[in-house]
Amino acid sequence: MGRIDELLMQVEKVHHDGRPDLFRYGQKKYTDEQLLELICDDSRPIFVAVDEKDEVMGYAFCIFQQYLNHNIMTDIKTLYIDDLCVDEKLRGQHIGRTLYESVLAYAREQGCYNVTLNVWSCNEKAMRFYEACGLKPQKIGMETIL
């Protein structure tokens, strides 16, 4: 889990640098115990890109979502990308695009209607990457700081 931890910390740093009022410094999104639970949870597929030495270059953590019998939402099945990261030293080599395309192929195989994700507006590089992959805004979160 060492490499995954390193990548989780890279993501955390981007978020903390962009919004230190919201993101704690030096904290991972998942603890080691939570990561072990995720690995065993079939409703949360994980995609990992590795090199020829089996070193982790990037990952995509996903979650199946579906609103069955919801008052206003349809019953579509969604694969939500909870976290996608490529090692900052390896970006620009299409690893992220390959991970994303693998997620799309898997979602299609699983009968999903769509693939969704959230991106923080302070993470402009990620926003440009997702737009280049063809993603479009679905909803926009807004705030007023008091």
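Predicted model: local features only at pLDDT ≥ 70, side-chain atom pairs only at ≥ 80, totals over all residues.

Residues are numbered from 1 along each chain as its sequence is written, and side-chain values use heavy atoms, with hydrogens and water left out.

Pockets, then. The search runs on a 1 Å grid over the protein atoms alone; a pocket is an open set of points where a 1.4 Å probe fits, with protein on both sides within 12 Å along at least five of seven lines, and lining residues have an atom within 4 Å of a point. Points are joined across faces, edges and corners, and the volume is the space filled by probe spheres set on them.

The largest pocket holds about 1200 Å³ of space. Its lining has 33 residues, and those nearest the centre are Leu117, Asn118, Val119, Gln138 and Lys139. Strand S2 (56-66), strand S3 (77-86), strand S4 (114-117) and helix H4 (124-132) each give two or more residues to that lining. S4 has the largest share, with four residues. For the classes, Ala, Val, Leu, Ile, Met, Phe, Trp, Tyr, Cys and Pro count as nonpolar, Asp, Glu, Lys and Arg as charged, and the others, Gly among them, as polar. On that basis the lining of the largest pocket has 17 nonpolar, 11 polar and five charged residues.

The second largest pocket has a volume of about 890 Å³. It is lined by 35 residues, with Leu84, Cys85, Asn123, Ala126 and Tyr130 closest to the centre. Which element supplies the largest share of this second lining? It is S3, with seven residues. Helix H1 (2-18) and helix H3 (95-109) are among the elements that supply at least two.

Next, H1 itself. Its 17 residues reach 25 Å from first C-alpha to last, close to the expected 24 Å, the expected span being 1.5 Å times one less than the number of residues.

Last, salt bridges, meaning a side-chain nitrogen of Lys or Arg within 4 Å of a carboxyl oxygen of Asp or Glu. The structure holds 10. One of them pairs Asp5 with Lys28, with the closest N and O atoms 2.9 Å apart. Asp5 is in H1 and Lys28 in the loop between H1 and H2, so this pair ties together parts 23 residues apart in sequence. Asp5 is buried, at 17% relative accessibility, whereas Lys28 is partly exposed at 28%.

Lys13 and Asp17 form another, at 2.7 Å; both lie in H1, four residues apart, about one turn of the helix.

Arg19 pairs with Glu143 at 2.5 Å. That one links the loop between H1 and H2 to the segment after H4, 124 residues apart. Arg19 is buried at 16%, and Glu143 is partly exposed at 48%. Finally, shared partners join Arg3, Glu6, Asp87 and Lys89 into one salt-bridge network.

How values were computed. Buried < 20%, exposed > 50% of the residue type's maximum accessible area, 1.4 Å probe, protein only.
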